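Work through the exercises below with the model open. Try each task before you read its solution.

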Amino acid sequence: MVHTKDKFIRLWEFFAWMDRARWSRDDEEYDKQIRERISKASVGVNGNELKPADIVLTHWLTCIFNYGMPAEKVRNNAFPIMAHIAYHYRKGDSCKQIIKEHIELKKSKSNVRKKNFEFHVGQKSRFRHRFGRKGRLKKRVERTLLELEAYDRNLVTFMLEKSKNSPDEKWVRDVYCALYKLTYGNARKIDDWHKRT
């Protein structure tokens, strides 16, 4: 238990340092803003009901979409939907149920022959990435959720497990490689750092 706690603290310190370095914000204020944004987004989840692990998974799922579009649009539209998915996933919704209820293949508004995946919660909260079908984003989300079932549906547990035997100089890279494989598969050896990871 102590070993796991030490690993968790080390992992938390690293991500807290990264977050402060990027946003230069107070951690408590940032957490409060995240929870308020989710509550106001009308996705059926009160931000205060989210556990820290839900927010970590929400960030990771949102980062899958963070390319080829303005980051603000992804953050404002996809983040609340991914929070809804993370919350209900932890509460017991299966990956199959989430895919069925929250992802649809829709015709493009500009070209009726083209179709793209739309992620949604009800009618109000909808997000369609411009490269959603081409980038296989539905598959990325599905793969992530399916793989996390072996880790109590918890991305933090997954990261701790993947780095528990890592030496000090290698554990960040081990977590990185594990996250990349979790979502994008193991088609090739990971030599370079993938920017979204």
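Predicted model: local features only at pLDDT ≥ 70, side-chain atom pairs only at ≥ 80, totals over all residues.

**Exercise 1. Decide the state of Phe119: buried or exposed? Then list what it touches.**

Step 1. Locate the residue. Phe119 lies in strand E2.

Step 2. Apply the cut-off. Buried means under 20% relative accessible area. Phe119 has 2%, so it counts as buried.

Step 3. Collect the contacts, not counting residues up to four places away in sequence. Phe119 touches Phe65, Ile81, Met82, His102 and Ile103, among others. Its list also includes Ser125, Arg126, Phe127, Leu137, Lys138 and Val141.

Step 4. Phe119 and Glu101 are 18 residues apart along the chain, with 9.2 Å between their C-alpha atoms.

**Exercise 2. Describe the largest nonpolar core: how many residues does it have, and which element gives the largest share?**

Step 1. Count the members. The largest nonpolar core has 52 residues. Those with the most contacts inside it are Phe65, Leu145, Leu155 and Phe158.

Step 2. Name the contributors. The elements giving two or more residues to this core are helices H2 (27-40), H3 (52-63), H4 (71-90), H5 (95-102), H6 (137-148), H7 (155-163) and H8 (171-184), together with strand E2 (115-121).

Step 3. Pick out the main one. H4 supplies the largest share of this core, 10 residues.

Step 4. Zoom in on one member. Apart from neighbours within four places in sequence, Leu145 is in contact with Leu57, Leu61, Ile85, Tyr89, Cys95 and Ile98.

**Exercise 3. Characterise the packing of H3 and H7: at what angle do they pack, and which residues make the contact?**

Step 1. Take the geometry. H3 and H7 pack at an angle of about 80 degrees. Their axes are 8 Å apart.

Step 2. Classify the angle. The range 65 to 115 degrees counts as roughly perpendicular. H3 and H7 are therefore roughly perpendicular to each other.

Step 3. List the residues. H3 brings Ala53, Val56, Leu57 and Trp60 to the contact, and H7 brings Leu155, Val156 and Met159.

Step 4. Sort them by type. The residues of this contact divide into 7 nonpolar, no polar and no charged.

**Exercise 4. Inspect the loop between H6 and H7: what are the phi values of Asp152 and Arg153?**

Step 1. Asp152 is in the loop between H6 and H7. Arg153 lies in the loop between H6 and H7 too.

Step 2. Read phi. Asp152 has a positive phi of about 55 degrees, although it is not a glycine. For Arg153, also a residue other than glycine, phi is positive and near 60 degrees.

Step 3. Read the accessibility. Asp152 is exposed, with a relative accessible area of 67%. Arg153 is at 22%, so it counts as partly exposed.

**Exercise 5. Classify Lys96 and Arg136: where does each lie, and how accessible is it?**

Step 1. Start with Lys96, which is found in helix H5. Its relative accessibility is 72%, so Lys96 counts as exposed.

Step 2. Lys96 and Leu145 are 49 residues apart in sequence and 9.4 Å apart, C-alpha to C-alpha.

Step 3. Turn to Arg136, in the loop between strand E3 (125-127) and H6. Arg136 is partly exposed, with a relative accessible area of 44%.

Step 4. Give its distance to Asn116. Arg136 and Asn116 are 20 residues apart in sequence and 9.8 Å apart in space, C-alpha to C-alpha.

**Exercise 6. Summarise the chain: how many helices and strands are there, and what part of the chain is buried?**

Step 1. Count the elements. The chain has 8 helices and 3 strands. Along the sequence, the pattern is α-α-α-α-α-β-β-β-α-α-α.

Step 2. Of the 197 residues, 42% are buried.

Step 3. The chain exposes about 12000 Å², and carbon and sulfur atoms supply 49% of it.

Terms used: Residues numbered from 1 in each chain as written. Heavy atoms only, no water. Core = buried A, V, L, I, M, F, W, Y, C linked by side-chain atoms within 4.5 Å. Buried < 20%, exposed > 50% of the residue type's maximum accessible area, 1.4 Å probe, protein only. Helix = DSSP H or I, 4+ residues; strand = E, 2+ residues; numbered from the N terminus. Contact = heavy atoms within 4.5 Å. Areas by Shrake-Rupley, 256 points an atom, 1.4 Å probe, with all protein chains shown as cover. Axes fitted to C-alpha atoms, helices over the stretch in contact; angles between N-to-C directions. Parallel < 35°, antiparallel > 145°, perpendicular 65-115°, else oblique. Nonpolar A, V, L, I, M, F, W, Y, C, P; charged D, E, K, R; others polar.
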